Amino acid sequence: MKIGFFINPNSTLSKKILFWKKKVKNKYGNQLYLNHFPHLTIFTMYVNKNNFENYFNKYLQKNNLLLQKNIILKINKPNIFENDPISKKLILFYDIKKNYELIDLQNSLLKKFVKFKRNKHKKIIFSSKIKQKNYNKFSYPFVGSQFKPHFTISALKETIDSSFIKKFLNQKVSISFKIKDIDVCQIKNNNEHLNLGKIGLK
């Protein structure tokens with residue numbers, strides 16, 4: 001079973017993300033990640049289903065909260081990944097101002113749930129040794145110094161000098177909001193997300 005830990009945007013950012021998803025679909029048709037609901041991925045992981053579900057259900061019943069100070073996300077610009085190592089495409093996204101509390105949050109969640117990681121998972125070879133080490137250890141490459149939190153719009157094959165991409169990058173964006181909780185979801189084979197519960201933050 002593949003699970004993911006996600007942060008949802010506030011309504012202002014969500015509207016912007018959905019606006020650009022619609023523009024991408026109207027211009028290019030269905031694209032990778034386009035049908036995903038607006039979210040920031042903290043990490044995904046392949047886990048042993050029964051062990052994880054038993055622990056997680058008890059964890060929620062106890063109403064455990066992560067002891068984490070207030071985390072304010074600041075979205076200050078649109079951006080692109082020119083060659084995403086997983087999709088091998090260009091990614092349109094909204095960038096998050098560097099936030100060490102968010103990195104700490106990822107680390108605390110990984111420590112809590114890595115014991116349920118499944119040893120056998122999809123094999124991916126990364127050119128970066130750090131990403132490969134992370135993927136082998138957590139089944140997720142973007143950990144620690146490699147964690148670049150963002151809100152994805154879509155993946156595209158378009159070149160970087162495309163007029164559409166330039167228009168996206170020329171936006172002025174200044175949005176801030178406090179993280180209230182984290183969605184934990186099962187990720188199905190068709191990339192459908194089945195919500196398993198929420199983890200609150202103190």
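Colleague: By class, how many nonpolar, polar and charged residues does the lining of the largest pocket have?

Modeller: This is a predicted model, where local features need pLDDT of at least 70 and side-chain atom pairs count only at pLDDT 80 or more, while totals for chains, interfaces and linings use all residues. Residues are numbered from 1 along each chain as its sequence is written, and side-chain values use heavy atoms, with hydrogens and water left out. A pocket here is an open set of points on a 1 Å grid over the protein atoms alone, where a 1.4 Å probe fits and protein lies on both sides within 12 Å along at least five of seven lines, and its lining residues have an atom within 4 Å of a point. With Ala, Val, Leu, Ile, Met, Phe, Trp, Tyr, Cys and Pro counted as nonpolar, Asp, Glu, Lys and Arg as charged, and the others, Gly among them, as polar, the lining of the largest pocket has 18 nonpolar, twelve polar and seven charged residues.

Colleague: Which element gives the largest share of the lining of the largest pocket?

Modeller: The lining has 37 residues, and Lys-2, Tyr-33, Ile-86, Tyr-140 and Phe-142 lie nearest the centre of the pocket. Two or more residues each come from strand E1 (2–7), strand E2 (40–46), helix H4 (129–138) and strand E5, where helices (H or I, at least four residues) and strands (E, at least two) are DSSP runs numbered from the N terminus. The largest share, three residues, comes from E2.

Colleague: Why is strand E5 (residues 150–156) largely enclosed by the rest of the structure?

Modeller: Strand E4 (residues 90–96) pairs with E5 in the antiparallel sense over six bridges, pairing being called when DSSP finds at least two bridges between two strands. Leu-92 stands opposite Ser-154 in E5. Buried means under 20% relative accessible area, exposed over 50% and partly exposed in between, using a 1.4 Å probe and protein chains only. E5 is largely enclosed because, of its seven residues, the number buried is seven.

Colleague: Which residue forms a salt bridge with Lys-198?

Modeller: A salt bridge is a side-chain nitrogen of Lys or Arg within 4 Å of a carboxyl oxygen of Asp or Glu, and the whole structure holds two. In the one formed by Lys-198, the closest N and O atoms are 2.4 Å apart. Lys-198 lies in strand E8 (residues 193–200) and its partner in strand E7 (residues 181–187), so the pair ties together parts that are 15 residues apart in sequence.
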